[in-house]
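Please find below a colleague's note on the model under review.

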Amino acid sequence: MIPSVLPTYNRAPLTFVKGEGSWLIEADGRRFLDLGAGIAVNALGHAHPALVAALTEQAQTLWHVSNLYQIPQQQALADRLVAATFADTVFFTNSGTEACELAVKMARKYWHDKGQPQRTDIVTFEGAFHGRSSAGIAAAGSEKMTGGFGPLLPGFVHLPWGDHEALQAAITDTVGAILIEPVQGEGGIRPLPDQCLKGLRDLCDEHGILLILDEVQCGMGRTGKLFAHEWSGITPDIMMVAKGIGGGFPLGAVLATETAASGMVAGTHGSTYGGNPLACAVGCAVMDIVADAGFLDRVGRKAGQLRQSLEGLVAAHPKVFEAVRGSGLMLGLKCKAANTDVLQAAYDVDLIVVPAADNVIRLLPPLTISEEEITEALSRLDRAASAIKAA
Ligand SMILES: *Cc1c(COP(=O)(O)O)cnc(C)c1O
């Protein structure tokens with residue numbers, strides 16, 4: 001008999017009943033150190049007092065009004081995002097997938113209104129993840145995501161990761177945009193070198209096409225900058241944001257330049273819940289903390305500590321791990337043992353990590369994790385790796 005919850009997830013037999021900062025408490029009382037943060041969602045850890053206050057205060061005032069009316073919390077969050085980034089304008093969604101939908105629509109509408117409606121193609125890359133909607137899976141293109149769900153939304157050109165010749169050859173007069181994650185998340189924590197991101201920006205400028213960055217996982221302070229592309233010094237035309245921006249409350253956004261967004265006039269797009277007062281009150285509280293230079297500096301310092309100790313871990317367990325990769329507090333352990341065995345061994349020492357493609361284990365701790373907690377996490381990872389070697 002089919003379970004009452006549609007069985008589309010491989011769930012671990014763990015039931016968390018409470019969260020405190022970097023810790024998750026299981027129903028049986030065990031305290032897990034959380035290096036997953038709900039897949040980079042709980043950017044400020046669990047039950048952060050500022051987020052609890054923002055949410056409860058808004059909950060006592062007004063939960064929801066339609067986008068038929070003015071929403072001051074939404075205006076405030078948009079103003080903050082515009083002030084802190086390349087963007088001139090913001091549309092709020094409830095998720096990363098919905099941000100992908102709008103990014104695709106916005107790029108196509110831009111070319112349509114510019115009198116080049118044939119420019120519908122969007123170039124994407126192997127290992128990409130842009131969500132599970134029809135556009136999202138078509139954008140990613142992998143058999144794992146698209147199998148059985150055809151016919152797929154047309155207009156995506158899939159390229160291998162890091163193949164410059166294929167990229168040059170793919171830029172034809174039907175291409176309207178390039179879509180890429182500055183650091184691939186689901187694909188196995190693969191950072192795009194700064195040089196390559198600059199190269200993509202140059203290529204887009206040369207051909208007058210749009211650069212869309214998916215910063216759903218790598219954005220919102222994760223790499224030690226507010227957004228990952230800031231490391232390379234370039235800016236995109238359109239950017240997808242979600243996960244960390246709501247700190248656990250469902251919230252996403254599309255940020256864009258005035259030019260890229262020029263086709264999206266009244267009536268061209270909408271969302272019932274997108275940008276509702278509860279979500280935006282929390283989003284503002286997240287921005288207040290994460291968009292602060294001192295906070296981002298601390299993320300960078302802790303990332304250095306974590307990375308350095310992970311290099312030591314890899315050196316100490318060469319049969320289990322191969323390498324550390326990633327950026328900031330978005331790190332991956334490329335495994336030699338099966339990453340599923342590493343995941344289980346971590347659970348056995350009360351440590352939460354997240355698997356990714358390419359036999360990688362992801363470490364995406366809350367950005368608020370302390371230096372002591374990082375030390376504790378390493379000691380648990382060391383115990384987990386030793387248990388695998390012994391097995
Ligand atoms: C998680 C993720 C998405 C999809 O976001 P949802 O909120 O699950 O819809 C899209 N892109 C990237 C890079 C992601 O990590």
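1. Where is the place of R132? R132 sits in the loop between β5 and α5 (134–140); helices (H or I, at least four residues) and strands (E, at least two) are DSSP runs, numbered from the N terminus. R132 is exposed, its relative accessible area being 53%. Here exposed stands for over 50% relative accessible area, buried for under 20%, and partly exposed for values in between (1.4 Å probe, protein chains only).

2. The model is predicted, with local features needing pLDDT of at least 70 and side-chain atom pairs counting only at pLDDT 80 or more, while totals for chains, interfaces and linings use all residues. Residues are numbered from 1 along each chain as its sequence is written, and side-chain values use heavy atoms, with hydrogens and water left out.

3. A polar side-chain atom of K243 is 2.6 Å from an oxygen atom of the ligand. A polar side-chain atom of D214 lies 2.7 Å from a ligand nitrogen atom, and a polar backbone atom of F129 is 3.1 Å from a nitrogen atom of the ligand. Of the 380 Å² of accessible area that the ligand has on its own, the protein covers 83% (Shrake-Rupley method, 1.4 Å probe; for residues, only the protein chains shown count as cover).

4. K243 also carries an annotation: an unreviewed UniProt entry places "modified residue: N6-(pyridoxal phosphate)lysine" there. Such annotations may be inferred rather than shown by experiment; feature names are shortened and positions follow the numbering used here. K243 lies in the loop between β11 (238–241) and β12 (252–256) and is partly exposed, at 21% relative accessible area.

5. Under "binding site", the unreviewed UniProt entry lists G96, T97, F129, D214, E215, V216, Q217 and T272. These residues span 177 residues in sequence and their farthest two C-alpha atoms are 24.9 Å apart, so they do not all gather at one spot. G96 belongs to helix α4 (residues 96–113) and is buried, with a relative accessible area of 14%.

6. Two further residues deserve a remark. T124, in strand β5 (residues 121–125), is buried at 0% relative accessible area, and its side chain reaches the backbone oxygen of A139 at 2.6 Å. M220 is found in the loop between β10 (210–214) and β11 and is likewise buried, at 2%. M220 and I289 are 69 residues apart in sequence and 10 Å apart in space, C-alpha to C-alpha.

Terms used
A polar contact is a pair of N or O atoms within 3.5 Å; within protein, one must be able to donate a hydrogen and the other to accept it, and residues adjacent in sequence count only if both atoms are side-chain atoms.
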